[in-house]
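User: I would like to learn how to read a protein model. Please take me through its features, one by one.

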Amino acid sequence: ENALSGNNGVHFICGDGAWRKATDVEYDTYEKKCDEDGKIVFGNVSKERPYDCDGNSWRKATEVEGVLGGCVESRFDEVAEALESHYICESRQWRKATDIEKDTYKWKSGKDGDVKNGDVVETNCYVFEDGAWRSGNEKDCSLKLRGCTVLRQDTVGKGSDEVWYICDAKIWREATDFEKDTFGWKDSIDGTIKKGTVTGKIYLFDKNEWRLAGRVESKLGGCVEAIADSVGKIDRDYYICKSKNWLEAT
């Protein structure tokens with residue numbers, strides 16, 4: 001049963017008590033055992049034609065399967081290289097892998113904001129966020145400030161290029177003087193003045209937030225209710241605190 005016979009180059013198979021013309025797969029895989037899902041063999045006649053043991057029967061394999069073997073459940077999400085490209089095993093088929101799939105294959109989890117360059121395309125930058133690696137901005141890797149993520153919103157730091165940056169909507173952009181001067185400052189008492197961390201400019205805590213102080217405020221502090229009618233002196237000039245503003249004193 002299932003024996004093959006040749007006749008002028010035509011192959012026949014014996015089944016159900018009669019000879020019938022064999023299919024290409026039947027005569028090319030005759031006597032080859034399909035006993036392992038995903039197993040690849042090459043044809044009896046067409047020596048370079050690969051066949052895949054798909055379940056319980058042979059089928060013609062793709063060129064990629066001929067190199068990598070069958071995409072079986074145990075290999076799902078595996079990334080491998082063949083024919084000068086990278087492929088990923090998904091739903092029992094090999095498909096071309098995306099940059100992030102081939103670059104981050106087998107990477108371990110990291111901490112929020114961790115960055116790495118791709119394993120295959122080394123110029124690609126990736127950021128760990130929300131429990132997974134995602135494509136990042138080139139600055140995430142080049143500035144040495146780690147990745148700009150939602151949890152790091154408004155983080156300010158000095159990059160490897162000696163420029164100050166702030167994390168804003170997942171992108172590092174150049175920080176303003178105010179942003180780099182006041183980063184990390186806590187709230188204070190109304191009228192408090194403080195020198196900027198980077199530029200040395202003077203800032204005033206006013207109405208629950210820091211702002212750039214005016215010329216007189218930078219010397220005398222804020223004009224707040226607690227010091228109403230107080231008089232202050234800058235060089236030879238006198239000022240009086242009236243209605244939350246410093247005015248020239250008579």
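Analyst: Start with a charged pair. Arg-75 and Glu-78 form a salt bridge, and their closest N and O atoms are 3.0 Å apart. The model is predicted: local features need pLDDT of at least 70, side-chain atom pairs count only at pLDDT 80 or more, and totals for chains, interfaces and linings use all residues. Residues are numbered from 1 along each chain as its sequence is written, and side-chain values use heavy atoms, with hydrogens and water left out.

User: What is a salt bridge?

Analyst: Side chains of opposite charge can pair when their charged atoms come close. The rule here asks for a side-chain nitrogen of Lys or Arg within 4 Å of a carboxyl oxygen of Asp or Glu. By this rule, the model has 23 salt bridges.

User: Where is Arg-75, and which residues does Arg-75 touch?

Analyst: Arg-75 sits in the loop between helix 2 (63-68) and strand 7 (79-82). Helices (H or I, at least four residues) and strands (E, at least two) are DSSP runs, numbered from the N terminus. Contact means heavy atoms within 4.5 Å. Leaving out residues up to four places away in sequence, Arg-75 touches Leu-68, Gly-69, Gly-70, Cys-89 and Trp-94. A polar atom of the Arg-75 side chain also lies 3.4 Å from the backbone oxygen of Gly-70.

User: Which parts does the pair of Lys-201 and Asp-177 tie together?

Analyst: First, the pair itself. Lys-201 forms a salt bridge with Asp-177, and the closest N and O atoms are 2.8 Å apart. Lys-201 lies in the loop between strand 16 (193-195) and strand 17, while Asp-177 is in helix 5 (residues 177-182), so the pair ties together parts that are 24 residues apart in sequence. Lys-201 is partly exposed at 36% relative accessible area. Asp-177 is partly exposed too, at 29%.

User: Which residues do salt bridges with shared partners join into one network?

Analyst: The network holds Asp-37, Asp-52, Asp-54, Arg-59, Glu-65 and Arg-92. Take one pair from it. The side chains of Asp-54 and Arg-59 meet in a salt bridge (2.8 Å, N to O). Asp-54 is partly exposed at 30% relative accessible area, and Arg-59 is partly exposed at 26%.

User: Now sheets. What is the order of the strands in the open sheet of three strands?

Analyst: Two strands pair if DSSP finds at least two bridges between them. The order is 7-8-9, with antiparallel pairing. Strand 7 and strand 9 (93-96) stand at the edges with a single partner strand each, so one side of each has no neighbour in the sheet. From one strand to the next, the twist averages 40°. Such angles run from 0 to 180 degrees between N-to-C directions, with axes as lines fitted to C-alpha atoms, for helices over the stretch in contact.

User: How many bridges pair strand 7 with strand 8?

Analyst: Four bridges pair strand 7 with strand 8 (residues 85-90), in the antiparallel sense. Within that pairing, Ala-80 has Tyr-87 in strand 8 as its bridge partner.

User: Which residue in the turn between strand 19 and strand 20 has a positive phi?

Analyst: Asp-235 does, at about 55°. The two strands form a hairpin with two residues between them. Now compare strand 17 (residues 202-206) and strand 18 (residues 209-212), which run antiparallel and are joined by four bridges. Leu-204 has Arg-211 in strand 18 as its bridge partner. That hairpin also has two residues between the strands, and Lys-207 takes a positive phi near 55°.

Terms used: A polar contact is a pair of N or O atoms within 3.5 Å; within protein, one must be able to donate a hydrogen and the other to accept it, and residues adjacent in sequence count only if both atoms are side-chain atoms. Buried means under 20% relative accessible area, exposed over 50%, partly exposed in between (1.4 Å probe, protein chains only).
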